[in-house]
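These are my notebook entries on a single structure. I record what I looked up, one topic at a time.

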Amino acid sequence: MKCPYCLKDKTKVLESRRTPDNEIRRRRECLTCQKRWTTYEKIVKTEITIIKRDGTYEAYNRDKILKGLQLALEKRGISNERIERAVDKVESKLLALNKTEIKSRIVGEFVMDGLKSMDEVAYVRFASVYQKFKDPTQFLKTITELKRGIKNGTKVAAKA
Ligand SMILES: [Zn+2]
């Protein structure tokens, strides 16, 4: 986001919370001129239907993603704000697909991508629950990918 005062784009979010009207109020600060301002983000009502593994349909529910992430990140020292932002990211990826029906597997993949960049332990935890590791090679693949990432010096815990 660009600073409304000096138009530089290095800004940070100081505080983020949901208003009773289901908007997200963010207090922001410009890292260049230090001025502060507030933004309100309206949540676009997503008319997305999720197709579950068993073929049944379910209305898209942001809270489900949020709860899943909160559960996976329990006691991992990740702020709620970062989790909310991760959900925002998943949501925008889903919207970018420009589809009204999306397979739950796709949602799971986006969630796991988000987790992977935040916390590797939580990622494995979530992946094990989400995919249920029907196939043991899938579990090994996940672990191997993680280890390879660490070996290559990839920072798993990306900075927000
Ligand atoms: Zn500024």
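I began with pairing: two strands pair if DSSP finds at least two bridges between them. I took helices (H or I, at least four residues) and strands (E, at least two) as DSSP runs, numbered from the N terminus. I note that this is a predicted model, in which local features need pLDDT of at least 70 and side-chain atom pairs count only at pLDDT 80 or more, while totals for chains, interfaces and linings use all residues. Residues are numbered from 1 along each chain as its sequence is written.

**Entry 1: the sheet**

I looked up how strand E4 (residues 49-51) meets E5 and found 3 bridges, with the two strands running antiparallel. Within this region, Ile51 stands opposite Tyr57 in E5.

I then placed these strands in an open sheet of 3 strands, ordered E5-E4-E6, with mixed pairing. Strand E5 (57-59) and strand E6 (101-103) are the edge strands, since each pairs on one side only. On average, neighbouring strands of the sheet are turned by 35° against each other, direction ignored. H3 packs on the sheet and touches E4 and E6, and its direction makes about 65° with that of E6. Here axes are lines fitted to C-alpha atoms, for helices over the stretch in contact, and angles run from 0 to 180 degrees between N-to-C directions.

**Entry 2: helix H1**

Which residues of helix H1 are buried? I counted a residue as buried if 20 or more other C-beta atoms lie within 10 Å of its own, exposed if 12 or fewer, and partly exposed in between, with C-beta atoms placed from the backbone. In H1 (residues 62-72), the buried residues are Ile65, Leu69 and Ala72. They line one face of the helix, because they fall within an arc of 65° seen down its axis; the arc is that of the directions from the helix axis to the C-beta atoms. Exposed Asp63, Lys67 and Leu71 sit on the face turned away from the buried side.

**Entry 3: the core**

I next looked up the largest nonpolar core, which has 17 residues. Such a core is a set of buried Ala, Val, Leu, Ile, Met, Phe, Trp, Tyr and Cys residues joined through C-beta atoms within 7 Å. Leu69, Ala86 and Val90 are among the residues with the most contacts inside this core.

**Entry 4: Glu109**

I located Glu109 in helix H3. Glu109 is partly exposed, because 15 other C-beta atoms lie within 10 Å. Glu109 and Val90 are 19 residues apart in sequence and 9.3 Å apart in space, C-alpha to C-alpha.

How values were computed:
Contact = placed C-beta atoms within 7 Å.
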